[in-house]
Amino acid sequence: MATSLTLNLTTSASIVGTQPDVLLQFLTQRNIPGVLFFSDEPQVSIFTLAQLLNTQPEILLDWLEDEALGELIEEVDDDEWFEEEDGK
């Protein structure tokens with residue numbers, strides 16, 4: 001499976017702390033590159049998101065990875081099959 005360097009508009013808006021329609025309007029009005037319209041929902045480049053957040057793409061990817069790992073850990077916190085330490 002290939003790793004995507006874009007995120008859907010909903011996820012992108014959540015990362016920058018706004019609503020999808022507000023983000024899309026901002027990006028199009030300011031003519032910011034990195035918005036791709038290959039599907040029904042626009043995709044936003046992680047490089048564009050990093051630029052908007054004034055950070056490096058690597059830092060953004062590390063943060064996203066940490067968030068995903070945290071969600072996985074939370075999923076097994078209440079699992080009866082695993083002890084809490086095993087899940088972590």
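Helices (H or I, at least four residues) and strands (E, at least two) are taken as DSSP runs, numbered from the N terminus. The model is predicted, and local features need pLDDT of at least 70, side-chain atom pairs count only at pLDDT 80 or more, and totals for chains, interfaces and linings use all residues. Residues are numbered from 1 along each chain as its sequence is written, and side-chain values use heavy atoms, with hydrogens and water left out.

Just after helix 1, Gly 17 adopts a positive phi of about 80°. Helix 1 spans residues 9-16, and its buried residues are Leu 9, Ser 12, Ala 13 and Ile 15 (buried: under 20% relative accessible area; exposed: over 50%; partly exposed: in between; 1.4 Å probe, protein chains only). These residues lie on the same side of helix 1, because they cover an arc of only 160° around the axis, the arc being that of the directions from the helix axis to the C-beta atoms.

The axes of helix 1 and helix 2 come within 8 Å and cross at roughly 90°; axes are lines fitted to C-alpha atoms, for helices over the stretch in contact, and angles run from 0 to 180 degrees between N-to-C directions. The two helices, helix 1 and helix 2, are therefore roughly perpendicular to each other (65 to 115 degrees). Helix 1 contributes Leu 9, Thr 10, Ser 12, Ala 13 and Val 16 to the contact, and helix 2 contributes Pro 20, Leu 23 and Leu 24 (contact: heavy atoms within 4.5 Å).

Leu 23 belongs to helix 2, residues 20-29, and counts as buried at 4% relative accessibility. Leaving aside residues up to four places away in sequence, Leu 23 touches Leu 9, Ser 12, Ala 13, Val 16, Thr 18 and Leu 52.

Ser 45 is located in strand 3, residues 43-45, and is also a buried residue, at 12% relative accessibility. Beyond four places in sequence, Ser 45 touches Leu 5, Thr 6 and Gly 34.

Leu 64, in helix 4 (residues 57-77), is partly exposed, with a relative accessible area of 22%. Its contacts, not counting residues up to four places away in sequence, are Leu 7 and Ile 15.

Note on methods: Angles under 35 degrees count as roughly parallel, over 145 as roughly antiparallel, 65 to 115 as roughly perpendicular and the rest as oblique.
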